[in-house]
Amino acid sequence: MTLRRLVLAAALALPFTAFAQAPIVIKFSHVVAPDTPKGKGAQRFKELAEQRTGGKVKVELYPNSQLYKDKEELEALQLGSVQMLAPSLAKFGPLGAKEFEVFDLPFIFKDTAAFRAVTDGQLGADLFKKLEPKGIKGLAYWDNGFHIMSANKPLHTVADFKGMKMRIQSSKVLDAQMRALGAIPQVMAFSELYQALQSGVVDGTEGVPSNFYTQKIFEVQKHMTLSNHGHLAYAVIVNKKFWDGLPADIRTQLEGAVKDATVYANAIAATENATSLDKIKASGKTTIYTPTPAEITEWKKALMPVHKEMESRVGKTTVEAAYKATGFVAPK
């Protein structure tokens, strides 16, 4: 009888043992190509996470909007349909965390060091706390460099923007930015941009060279302006309930993997954007223009009212904290 009970107990235990050994799956979804800084950062995280947990964690990558487009991915994360994302910071405004739109204020970052002063400092940490009541945990900021403008006509002066239909991400600040320049902002998913530019649904857009190159935007845009007016960055985020439910040792290993993947992603961003710009130039399909200091000053003056206008939305204290961290000075 005792032997029979032991055999039965062993048989019953088998499924649970097998279940316990099944890897924890992290679905990591994003909207850009695998060979971009974000795509490569995600790949590095996958490698480090799987290696350091000894296979206890399996990271499944879904690039190029394979699972979800821009608007859908945050909802999918909150519902637990995916566990990890790296959306651009502009995505959090529509979610109710309007303070994140401080990153969209035109010309607020004079260089990469100014950007890092925000993300690596108190303001960056405080902004991540705003996501927690929404079921989201912020893990890291990934830098992807400065925005440039592209269009099917030269964009040198503010007057050149008049009446141009310009694609933007869903951000009230970016909407106000384009309107201040005299353009007509059009919110559109990144995955739909190439076709929209090709067919003339929109006339131009803003973005970083690495995305322009990998998505072949340069093939359907005749002109690019190295304005560096905005900055593109991503937040590596997870479903908070999923994250909090992980075994403590696994969570610590994953935190280390995120940290090291962040160093890698930030390091390659500048190189990737410079290389992509060289490849775009070499294609001969797009004219690349560097604005004069006087032209940039004109752009800045036209866009400064956006800072004031958005204080009520973003929060005056958040804007002031960003000014202090970045050393921002308004043009005279």
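Student: What makes strand 5 and strand 9 a pair, and in which sense do they run?

Tutor: The model is a predicted one, and in it strand 5 (residues 148–151) and strand 9 (residues 223–225) are joined over three bridges in the antiparallel sense.

Student: What makes strand 7 and strand 11 the edge strands of their sheet?

Tutor: The sheet is open and has six strands in the order 7-6-8-5-9-11, with mixed pairing. Strand 7 (184–187) and strand 11 (287–289) each pair on one side only, and they are therefore called edge strands. On average, neighbouring strands in this sheet are turned by 25° against each other, direction ignored.

Student: Which strands does helix 6 lie across?

Tutor: Helix 6 (residues 172–180) lies across strand 5, strand 6 (165–168), strand 7 and strand 8 (204–207), and its direction makes an angle of about 160° with strand 6.

Student: How do you know that the buried residues of helix 4 are on the same side?

Tutor: The buried residues of helix 4 (residues 112–119) are Ala114, Phe115, Val118 and Thr119. They cover an arc of only 135° around the axis, which is why they are placed on the same side of helix 4. These buried residues pack against helix 5 (122–129), strand 4 (136–146), strand 10 (231–239) and helix 12 (316–326).

Student: What makes aspartate 111 a cap of helix 4?

Tutor: At the N-terminal end of helix 4, a side-chain oxygen of aspartate 111 lies 3.3 Å from the backbone nitrogen of alanine 113. A polar contact calls for N or O atoms within 3.5 Å, so the distance of 3.3 Å falls inside the cut-off.

Student: Which residues touch the most other members of the largest nonpolar core?

Tutor: They are Phe92, Phe100, Phe103 and Ile237, in a core of 52 residues. Helix 11 (residues 293–314) supplies the largest share of this core, with seven residues. A second, separate core has 25 residues, among them Phe28, Ala49, Val57 and Trp142.

Definitions and conventions:
Residues numbered from 1 in each chain as written. Predicted model: local features only at pLDDT ≥ 70, side-chain atom pairs only at ≥ 80, totals over all residues. Heavy atoms only, no water. Core = buried A, V, L, I, M, F, W, Y, C linked by side-chain atoms within 4.5 Å. Buried < 20%, exposed > 50% of the residue type's maximum accessible area, 1.4 Å probe, protein only. Helix = DSSP H or I, 4+ residues; strand = E, 2+ residues; numbered from the N terminus. Pairing = 2+ DSSP bridges. Axes fitted to C-alpha atoms, helices over the stretch in contact; angles between N-to-C directions. Contact = heavy atoms within 4.5 Å. Arc of directions from axis to C-beta. Polar contact = N/O pair within 3.5 Å; in protein donor to acceptor, adjacent residues only side chain to side chain.
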